[in-house]
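Visitor: Hi, I'm new to this one. Could you walk me through it?
Guide: Gladly; here it is.

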Amino acid sequence: MDYRYDHILIRYGELSLKGKNRNSFIKQLMVNVKKALKSFETLEFERQHDRMYIYLHDENAEQVSEVLKKVFGISSFSLAIKTKPDMDEIIQACLDSQDLDACKTFKVAARRSDKTFPIISDQMNRLVATAILKNSNWKVDVHNPDVKVVVEVHKYAAYIMTDRIEGAGGYPVGVGGKAMVLLSGGIDSPVASYLMMKRGTHIECIHYASPPYTSQNAQDKVMELAQQICGYQGDLLVHVVPFTNLQLAIYQHADESYAITLMRRMMMRIATGLAEKRHAQAIATGESIGQVASQTLESMQAINEVTSTPIIRPVVCMDKVEIIDLAKKIGTYETSILPYEDCCTIFTPKNPVTKPKIDRCKKYEDRFDFETMVNDCIENVESIWIHPKKEDKTEEELF
């Protein structure tokens, strides 16, 4: 990061197209930015129609920038020096913002938002460039400069910037309602979680644990994945469901080939119950068409049949390579491939049915009191808060 920046200027991007919803989207973005940066206690925030500004005070600009990169709804942002809309102060700020001892090429791009400012953009470009040339060994390159010095002049302030840092894009988390995401220890579900948040959906996660058949390492792995994705929305609640008894009952009363289908049906029933308790409008999964036996269209139809809650599958049409690439981008891949098996992997039958019949699913389910067992799972869930870079804690009063 370069020299003496005192502000960060945030650009909204896609939010500019939201018409009447624009103000509510920007308001939510401000809430999310403040939440993400709550550990930086001296920051000050200002929200305007087309920009958001953060006054850094003495906070570390690089550390603040790393957090901002994960906040959905930000198109891009820049480190900036704020000064008075005075040409002498603007020139001095441009000089202060750079290491002029290095040999670089540069370009100046000035813009007057305030048309009453007496110096037009082209004149500002020349004045700033002349000052840099006189005080350094830099050279002008208008096509491929090493440094682009951007000057924005507004009515009450001017901002000098050089870096344009790409944001996470998408919509601010929270504007799209809430969804319960089924979070396994695999590659796909953390990616699905990321994509849900990117479209503005606040998520809570559900993990199905089957001790002693699944280990504590498997659950720890899921919590680590939750830690890795929670930075995109802030605090994240993970509901750990005790699934062992229900899984064993399925194997006792149903043909082994239908076990996975029935397990997924039970998972959807539990997720539906938790969604109702937590006031969520949808369930999301990491399923992709044809990837495994339970992800054929016939299987999805049989699984969907047990709930009227919308089921969203963000990676449904992505191939495995695309999902892996995105997992690597968001930093979850290396954790996902750790060799700790989840409940579905442990109980996978040798020959799972790929085209299950709904009436046959119901026939097997009628053999035992699954409704009581589903309710027991919901009532005995353990809900754990995950915080960005902070210790987890159990939420004891949610249920």
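Visitor: What do the buried residues of H6 pack against?
Guide: Helix H5 (188-198), strand S11, strand S12 (236-242), helix H11 (333-336) and strand S15 (382-387) are what the buried residues of H6 pack against, with contact meaning heavy atoms within 4.5 Å and buried meaning under 20% relative accessible area with a 1.4 Å probe, protein chains only. Helices (H or I, at least four residues) and strands (E, at least two) are DSSP runs, numbered from the N terminus. This is a predicted model, where local features need pLDDT of at least 70, side-chain atom pairs count only at pLDDT 80 or more, and totals for chains, interfaces and linings use all residues. Residues are numbered from 1 along each chain as its sequence is written, and side-chain values use heavy atoms, leaving out hydrogens and water.

Visitor: Which residues of H6 are buried?
Guide: Among them are Ala218, Val222, Leu225 and Ile229, and the list also includes Gln219 and Lys221.

Visitor: And what caps the N-terminal end of H6?
Guide: Ser215 does, through a side-chain oxygen that lies 3.3 Å from the backbone nitrogen of Asn217, a polar contact being a pair of N or O atoms within 3.5 Å, where within protein one must be able to donate a hydrogen and the other to accept it, and residues adjacent in sequence count only if both atoms are side-chain atoms.

Visitor: Switching to Cys205, is that buried or exposed?
Guide: Cys205, found in strand S11 (residues 202-209), is buried, with a relative accessible area of 0%.

Visitor: What does Cys205 touch?
Guide: Not counting residues up to four places away in sequence, Cys205 touches Val181, Leu183, Ser193, Leu236, Leu237, Val238 and His239. The C-alpha atoms of Cys205 and Val181 are separated by 4.7 Å, although the two residues are 24 residues apart along the chain.

How values were computed
Buried means under 20% relative accessible area, exposed over 50%, partly exposed in between (1.4 Å probe, protein chains only).
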